[in-house]
Amino acid sequence: MEALIPVINKLQDVFNTVGSDSIQLPQIVVLGSQSSGKSSVIESVVGRSFLPRGTGIVTRRPLVLQLIYCPLDDRENRSAENGTSNAEEWGRFLHSKKCYTDFDEIRQEIENETERAAGNNKGICPEPINLKIFSTNVVNLTLVDLPGITKVPVGDQPEDIEAQIKDLVLKYIENPNSIILAVTAANTDMATSEALKLAKDVDPDGRRTLAVVTKLDLMDAGTDAIDILCGRVIPVKLGIIGVMNRSQKDIMDQKHIDEQMKDEAAFLQRKYPTLATRNGTPYLAKTLNRLLMHHIRDCLPDLKTRVNIMSTQFQSLLNSYGEDVSDKSQTLLQIITKFASAYCSTIEGTARNIETTELCGGARICYIFHETFGRTLDSIHPLAGLSKMDILTAIRNATGPRPALFVPEVSFELLVKRQIRRLEEPSLRCVELIHEEMQRIVQHCGNEVQQEMMRFPKLHEKIVDVVTQLLRRRLPATNVMVENIVAIELAYINTKHPDFHKDAALVPSLLKTDNDPYSQMNLGSQRRANTPRNHMSPQVSASQQQQLQTNQQNDAHEQNHIGENSTASTASTWLSNILPPAPIRPDSIENSASNTPVHNNIVSPVKPVNLLPDVPANHNPRRLTDKEQKDCDVIERLIKSYFYIVRKSIQDSVPKAIMHFLVNYVKDNLQSELVTHLYKSDRAETLLNESDHIAVRRKEAADMLKALTRANHIISEIRETHMW
């Protein structure tokens, strides 16, 4: 069991060499209010006076004190080189290789280190001072002396000195592997002890708290500490031990601690004879040694598990930093190949490390094609931006100075091209989004490649530059192809398209009404339309009947070519080419015989022009006539039908063009581009220069892994020795 504490000391040395406190080792933390006698207790345990003394706050940095029992025949810690082969006791700081045999020099070194880190303003510093004391008169212990708890800032202390000290104390006593030594002066009320309060906060069960009552000789006359020492006032599970310290006068008179021990033993025999054997500094040292050994025994299995876990973590970390580069050309080619492979895998979705927080790579490209781009095209209405007046204006502009007898083909082409052009902008925006995602994939090429990029920042910068330039070169060609796709649709309006032909065949249903439009233009013509041809009005002369029959025959002949839409006076020759033939209506021949002029008011599709200055213009045009309304309905129907066909084609063609001209091209040529611009250049030496922080981290990880390996070996040896 005695060998357990040296094991912890060795582990402490191992982790001190790498400056790591990630593993919390078993130790005794001395906690108490300012001037409660903490330093005196530690000096009594050591048997030498070596701690700074004075009024106010003196301990301003944590002091990690390792007491190591070192007999004269110990060859492990004694050496003739440093003059300790025959010395009874000496000290050595972690920050200094010097061995101090004069304890006054140790005190001076502690004061110097405190002022160096904490300054001269009575402030504190959380950076610990590590001190080892080798002696033939001590038991193996590891103690931590902390700054005393204070409430009010004194002098030039910071205003939050209380919070600083409390945070520092909690950092050490919250360690579950630590034993709390709560120091309280006997001449104060135990119920107001700050040390016991903080100890109870972090150790409510009291399984690792030991109380020490100091200054037993300074209690008021007529009082004693029997109830306190017996645990009747405040019970402490590990016990309460009373000690008697040197007074300030004894310290100034340089009273030796051995004499103080004798006086303490005499005082306890005189004042507390029944409790003398379970109190005093020698009993305190033995109790601390026993508690620490048992505590180490309980903590060692978990400590080994923690060391193994950390060894695995640091081994992985060291592997991620890579080894020193010997053949830089080969390493450069391997990194280029790995990056190109990871880039393509991210696009194809075959990467080993799949992103779970957001879409990236090929999945995001698919989302842009079918969600972003698709929804954008679907949101474009075929008639957006087109009013009835716009359509009517186009019809009239297509006829020139002549009145419009038929729906002109030019107006349909003009209007549908105008709507098709609106598909070009979202298509080009789709190219831009894919280009941005291809650029962003560089940051999602897997952890292995990212580690290489972090290790060689100049190479990372060059790779990003090559990828950016490659994407930038492909962007114009892709944009031109997408623009050509839209231009192809604009170049030829295919009215013979099967889907368009089916919709156009439904147009005659828009033109059928109960009464023929021509019959609504002239009431006399309507009556003649309802009169049989063999019952003509007797007022009509024979010559007029002959002329009428001739006109009817001409009209009937024209009907054989233009079909039903000619009868309605709204169809055109271009529309009849895409519509199926329709039967000739007999009554239309009779209706066409009427030559009665039509004087319907036509609504102007543009702002009226006042030709007479004295007459105000009419700013309230009437609604469209039935003929104009039907013309607009026909054009709208045809625009919708053809726009849907083109939109469907573009929605299919644009992603294919982007994949061919941009995505697949970059995938196929990325590695060759990288090799051309990086590997064939004579800059491998420059590109593979590691960043400074990576080299530092590799060294730190290697040192830590080495320390953990040594710690694991030490723990394994002690476990095999004690067989638990």
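I take buried to mean under 20% relative accessible area, exposed over 50%, and partly exposed in between (1.4 Å probe, protein chains only). My strands (E, at least two residues) and helices (H or I, at least four) are DSSP runs, numbered from the N terminus. The model is predicted, so local features need pLDDT of at least 70 and side-chain atom pairs count only at pLDDT 80 or more, while totals for chains, interfaces and linings use all residues. Residues are numbered from 1 along each chain as its sequence is written, and side-chain values use heavy atoms, with hydrogens and water left out.

Entry one: the strand.
I looked up β7 (residues 178-185) and found eight of its eight residues buried. On one side sit S178, I180, A182 and T184, on the other I179, L181, V183 and A185, and both faces are covered. In a regular strand, side chains alternate between the two faces of the sheet.

Next I checked the partners, where pairing takes at least two DSSP bridges. β1 (residues 27-32) runs parallel to β7, joined by six bridges. β8 (residues 209-214) also pairs with β7 in the parallel sense, over six bridges. A182 stands opposite L31 and opposite A211 in β8.

Entry two: the helices.
How do α11 and α25 pack? I found α11 (residues 362-378) and α25 (residues 626-679) at an angle of about 150 degrees, axes 11 Å apart. That makes α11 roughly antiparallel to α25 (over 145 degrees). Their contact (heavy atoms within 4.5 Å) includes I365, F369 and F373 of α11 and I650, V654 and I658 of α25.

Notes. Axes are lines fitted to C-alpha atoms, for helices over the stretch in contact, and angles run from 0 to 180 degrees between N-to-C directions. Angles under 35 degrees count as roughly parallel, over 145 as roughly antiparallel, 65 to 115 as roughly perpendicular and the rest as oblique.
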